[in-house]
Amino acid sequence: MTAPRALLIPDERLPLWMRRARRGFDYGILISLLLGVMAASAFIITPGLPRTNFAEHYVFQTADFSSALQEGRLWIRWSPHAFGGYGAPI
């Protein structure tokens, strides 16, 4: 349903903020989205975790802490995942 012709105000009489709000699609959002995808493409394309940081260590440490909290302990003393799977004290 459209407004009656008497209520339509020409764009020249509207305040600047209202004219900006009535603009079409904001291409800045599209450009920033494309730049973000380009920057993250190395992480999206590469399978698994990179071996050059501690991400894998943090995953195992999070698993150890979650199992300790499920058992009712607040701090873990032994990690079965450390030292190549043989386990080690922390």
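Predicted model: local features only at pLDDT ≥ 70, side-chain atom pairs only at ≥ 80, totals over all residues.
**Aromatic pairs and a nonpolar patch**

At a relative accessibility of 56%, Tyr27 counts as exposed, because the word exposed applies to residues over 50%.

A pair of aromatic rings is described by the distance of the centres and the angle of the planes. In this model the count comes to 2 aromatic pairs. The rings of Phe25 and Tyr27 have centres 5.2 Å apart and planes at 80°, so this pair is edge-to-face, because planes over 60 degrees apart are given that name. Phe25, the partner of Tyr27, is exposed as well, with a relative accessible area of 55%.

The rings of Phe54 and Tyr58 also form a pair, with 6.4 Å from centre to centre and 45° between the planes, and this pair is tilted. Of these two residues, Phe54 is exposed, at a relative accessible area of 55%, whereas Tyr58 has a value of 49% and is therefore partly exposed.

Returning to Phe25 and Tyr27, we find both residues in a nonpolar surface patch of about 970 Å², to which Leu30, Ile31, Leu33, Leu34, Leu35, Val37 and Met38 also belong. One of these members, Val37, lies in helix H2, which covers residues 27-45. With a relative accessible area of 44%, Val37 is partly exposed, and this value is enough for a place in the patch, because patches are made of residues with over 30% relative accessible area and no salt bridge.

Technical notes: Residues numbered from 1 in each chain as written. Heavy atoms only, no water. Phe/Tyr/Trp six-rings, centres within 6.5 Å; stacked < 30°, edge-to-face > 60°. Buried < 20%, exposed > 50% of the residue type's maximum accessible area, 1.4 Å probe, protein only. Patch = residues over 30% accessible without salt bridge, like charges linked within 9 Å, V, L, I, M, F, W, Y side chains within 5 Å. Areas by Shrake-Rupley, 256 points an atom, 1.4 Å probe, with all protein chains shown as cover. Salt bridge = Lys/Arg side-chain N within 4 Å of Asp/Glu carboxyl O. Helix = DSSP H or I, 4+ residues; strand = E, 2+ residues; numbered from the N terminus.
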